[in-house]
Structure formats: C-alpha cells, structure tokens
Amino acid sequence: MGNSAQMVSRNTDQENFGSYLSKLMHLRNIKSDEQIARKATRLQMIGSDRINVQRRTINNWRNNKNYPRSMKDRQFRLVLDALEATDQERLKLEKFLVDHSEITQVGSPPKWRTIFQAHPWIVLLIFGLLTGGLAVGFSEADSVNNRSETVEIFTQIPHEKLALSTSGFILPQSNDKLIDVSQLEKLNSWELYVARNEIFARHGRRFTKETSICLQNHFSRFKKIDAKGWYQSTEADIILNKIERTNAIKIRNYECNKRGGQMNCTGNLSACN
C-alpha cells in the first residue's frame, strides 16, 4: 500500500472483496499493508509452523489481483484475526470469495493450464526440481536423525515434575481467563512447557516432532474415551480464541525472558527464536 490514496480498491463502482478488505483496514485505522502484515505475523509467534504474512499478498488481495484460496488460508486467517473481524464481516468476505470462485469456474481456463499446454517441457523441469528437492529433504532428515542419536529423548514427562489439576491441566482456565505472571512464577520448566501446549491440545493439536513425543504421550492420557477425558487429536487447523492466543504468548515470553528457553522432550531448554 504505497500511499493512503490507494486504500480504496480500484473498482469503486461496486463493492467487492478487495474494496471491502480495504474498508475494514480503514475502519481499524490501519495505515498500510506493512502494518497489518506485521501485526498478523506477530499473532502466530507460537503454536504452529511460523509463516510470514506478506505485505505484497495483502496489497494484491485489496486490488483484486488475486485472492485467498479459501477462508482457511493461513495468511488470510491471520489477517482477519489482526483486524479483529466480526463474524458478520468474515461472512461477507467469504461470500465475495465464493462469488469470485463461481465466476472463475465458468470463465477461461487457469493461466497455469494454458502455459503447461503450450510449453510441456515446463512440467518435466518442475518434476525434476521436485524430485531433486525431495532427495535433498531426505538427506537433511537423515543428518538430523544421525545427530539426534546421541540425544536422549524422554517418551514420558516425569510425573513428579507436574502438578496437575483434577481435570489434567496445569492451568485449567487458560482457555477463558487471562493468566497472571504470578501463576507462571510458581511453575517449573516442565510445567510451563505443558501449560503452553495444553492450550493447543484443548483443540486437538497433534504433537508429531520427535522432540515432542513426551508431550503427545502426556495428552494422550486424557483421551475422550470417558466422561473425564478431554483430548481428541485432529488433523484440522487449530484456531485459538483471543484469550488463548494472549496466554500462549505470555507463557512463551516468560519462558524465553525469565527462564532462558523452552523445555522439550530432551529434558533441556532450547533457545527461543
């Protein structure tokens, strides 16, 4: 968004996806694409693989040059969270996306299909790059595995290190009540590790990294197999409410700034990124 005059989408005759997104940014007093991109990126400091929300992507959306793939697009969800968009505003944006998708489906074929038909050698080139990339990926994974052979990994979190509530949580109300630093001061590093991740586990997050195996096994103890269980793993994207995001960030900042790092299943603290 080079200047404020471009806050309104180019098509001013009729409200559309880009003009409405620009309108929401204006209503929230967002002055530039860079401002909302940074705010959106900061929202996902923890809890998932970090992605950078791009200023150029937002600018393209506002000017209807391209669109989010769906309402589940990770960058788009982060932008909506940064805007604190209401349910009504999200529904209106979703309608614009659906309308655009229907127009695209009955229109001309996608550009990529036209390019591949005219230049089939591109397919072979991309295939070569992908297979080469996979080979590199495997070699990197092998080297990681070789390095980890000398590191002991706990498959279970030592039970004596955790003070759990009767429902199986370190901080039972972290999903609907803001936590205080005084609560964190009472927790050891293992408890901070579990407290931060139980926020995501409530929504079914799976912990698949090798250095998270003890965490997955811990939450699996509370599977929804009876009335007392609450954990049910899912492949779906995890969406936190505002209180949960705030609490997760607060715990992470406390771990990094006050305890010198974050615990993992090696039993050691890892440096914060």
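Contact is taken here as heavy atoms within 4.5 Å. The model is predicted: local features need pLDDT of at least 70, side-chain atom pairs count only at pLDDT 80 or more, and totals for chains, interfaces and linings use all residues. Residues are numbered from 1 along each chain as its sequence is written, and side-chain values use heavy atoms, with hydrogens and water left out.

By this criterion, and not counting residues up to four places away in sequence, Phe-219 touches Val-194, Asn-197, Glu-198, Ala-201, Phe-207, Trp-230 and Tyr-231. Phe-219 is also, with Leu-184 and Ile-251, one of the residues with the most contacts inside the largest nonpolar core, which has 29 residues. A nonpolar core is a set of buried Ala, Val, Leu, Ile, Met, Phe, Trp, Tyr and Cys residues joined through side-chain atoms within 4.5 Å. Buried means under 20% relative accessible area, exposed over 50%, and partly exposed in between (1.4 Å probe, protein chains only). A second, separate core of 23 residues includes Ile-30, Ala-40, Trp-61 and Phe-96.

Helices (H or I, at least four residues) and strands (E, at least two) are DSSP runs, numbered from the N terminus. Helix α11 covers residues 242-258; at 1.5 Å a residue its 17 residues should span 24 Å, and its end C-alpha atoms are 24 Å apart, which agrees. The expected span is 1.5 Å times one less than the number of residues. At the N-terminal end, Asn-241 caps α11, a side-chain oxygen lying 3.0 Å from the backbone nitrogen of Ile-243. Gly-260, with a positive phi near 85°, follows the helix. The buried residues of α11 include Glu-244, Arg-245, Ile-251 and Cys-256, and the buried residues of this helix pack against α2, α4, α8 (181-185), α9 (189-201) and β1 (262-263).

Two disulfides, defined as pairs of cysteine sulfur atoms within 2.5 Å, are found in a search of the whole structure. Counting bonded cysteines along the chain, the pattern is 1-3, 2-4. In one of them, Cys-214 is joined to Cys-265 with an S to S distance of 1.9 Å. The torsion about this S-S bond is about -90°, so the disulfide is left-handed. Cys-214 lies in helix α10 (residues 213-220) and Cys-265 in the loop between β1 and β2 (269-270), so the pair ties together parts that are 51 residues apart in sequence. Both Cys-214 and Cys-265 are buried.

The sulfur atoms of Cys-256 and Cys-272 are likewise 1.9 Å apart and form a disulfide; this link is left-handed, with -95° about the S-S bond. Cys-256 lies in helix α11 and Cys-272 in the segment after β2, so parts that are 16 residues apart in sequence are tied together. Cys-256 is buried, with a relative accessible area of 17%, whereas Cys-272 counts as partly exposed at 28%.

In helix α3 (residues 55-62), the buried residues are Ile-58, Asn-59, Asn-60, Trp-61 and Arg-62. Their cover includes α1 (17-27), α2 (33-43) and α4 (74-83). Just after α3, Asn-64 takes a positive phi of about 55°. Asp-73 lies in the loop between α3 and α4 and is buried, with a relative accessible area of 11%. Leaving aside neighbours within four places in sequence, Asp-73 is in contact with Trp-61 and Pro-68.

Definitions and conventions. A polar contact is a pair of N or O atoms within 3.5 Å; within protein, one must be able to donate a hydrogen and the other to accept it, and residues adjacent in sequence count only if both atoms are side-chain atoms.
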